[in-house]
Amino acid sequence: MKRGASKKPAKKKAAPKRKPWRSGLLALLVVGIFGFGLYSLSQDPEPPAPVVQAPVKPKPKPEKALPPPPEEQWDYVDSLPSREVEVKAKEQVISDIPYIMQCGAYKTAAQADARKLDIAFQGIKSKIRKKEGSSWYRVVLGPYKLKRDAERDKHKLQRAKIEPCAIWKETQ
């Protein structure tokens, strides 16, 4: 037996007695109001019938003939299929100095290897370079002859959430 528990069973509180006459009175009141509403609607007199007046015929207007539709002045339907447009593309300038793309500089070789691995999963070759006298490991892609090629690889890496990558001309 629990400590402090009494041996007598707990008395349940008696549920309050409901008074059914209240709900009966409310139901009678609602039915009475509804009945009175129906009675008052049935006692309304019929509305008077509207007076129908003979329609007044409007005077006929003198009909004016419509002008003929205008002639088409456009000849593009005939001229466009036979027309040729010449577009001169700008010549791509191939720089003497190749472009490179750097995708990070890291203090440890392990971090640089991890970035190189991420880039390799995208099908792009990269190298890790360490300059003499520096403690930084750079992850570099390239060299690229055209900047457009470097931009293409940069966008491919951005879609794979590998950022930031910077493109510049190699100055070694």
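Does Arg129 count as buried or exposed, and what is its relative accessibility?

**View 1. Arg129 in the predicted model.** The model shown is predicted. Arg129 lies in strand 2, which spans residues 127-129. Its relative accessibility is 18%, and because buried means under 20%, Arg129 counts as buried. The side chain of Arg129 makes a polar contact, at 3.1 Å, with the side chain of Glu170.

**View 2. Overall arrangement of the protein.** The protein has 4 helices and 4 strands. Their order along the sequence is α-α-β-α-β-β-α-β. Of contacts between residues at least 6 apart in sequence, 68% join residues at least 24 apart.

**View 3. Surface and burial in the protein.** Of its 172 residues, 16% count as buried.

**View 4. The largest nonpolar core.** This core has 15 residues. Those with the most contacts inside it are Met101, Cys103, Ile119, Ile124, Leu141, Tyr144 and Leu157. At least two residues of the core come from each of strand 1 (99-106), helix 3 (109-120), strand 3 (137-144) and helix 4 (147-159). Strand 1 gives the most, with 4 residues.

**View 5. Surroundings of Cys103.** Cys103 is among the residues with the most contacts inside the largest nonpolar core. Apart from neighbours within four places in sequence, Cys103 is in contact with Arg115, Ile119, Val139, Leu141, Leu157, Pro164 and Cys165. Ile119, Leu141 and Leu157 are also listed among the residues with the most contacts inside that core.

Notes
Residues are numbered from 1 along each chain as its sequence is written. This is a predicted model: local features need pLDDT of at least 70, side-chain atom pairs count only at pLDDT 80 or more; totals for chains, interfaces and linings use all residues. Side-chain values use heavy atoms; hydrogens and water are left out. Buried means under 20% relative accessible area, exposed over 50%, partly exposed in between (1.4 Å probe, protein chains only). A polar contact is a pair of N or O atoms within 3.5 Å; within protein, one must be able to donate a hydrogen and the other to accept it, and residues adjacent in sequence count only if both atoms are side-chain atoms. Contact means heavy atoms within 4.5 Å. A nonpolar core is a set of buried Ala, Val, Leu, Ile, Met, Phe, Trp, Tyr and Cys residues joined through side-chain atoms within 4.5 Å.
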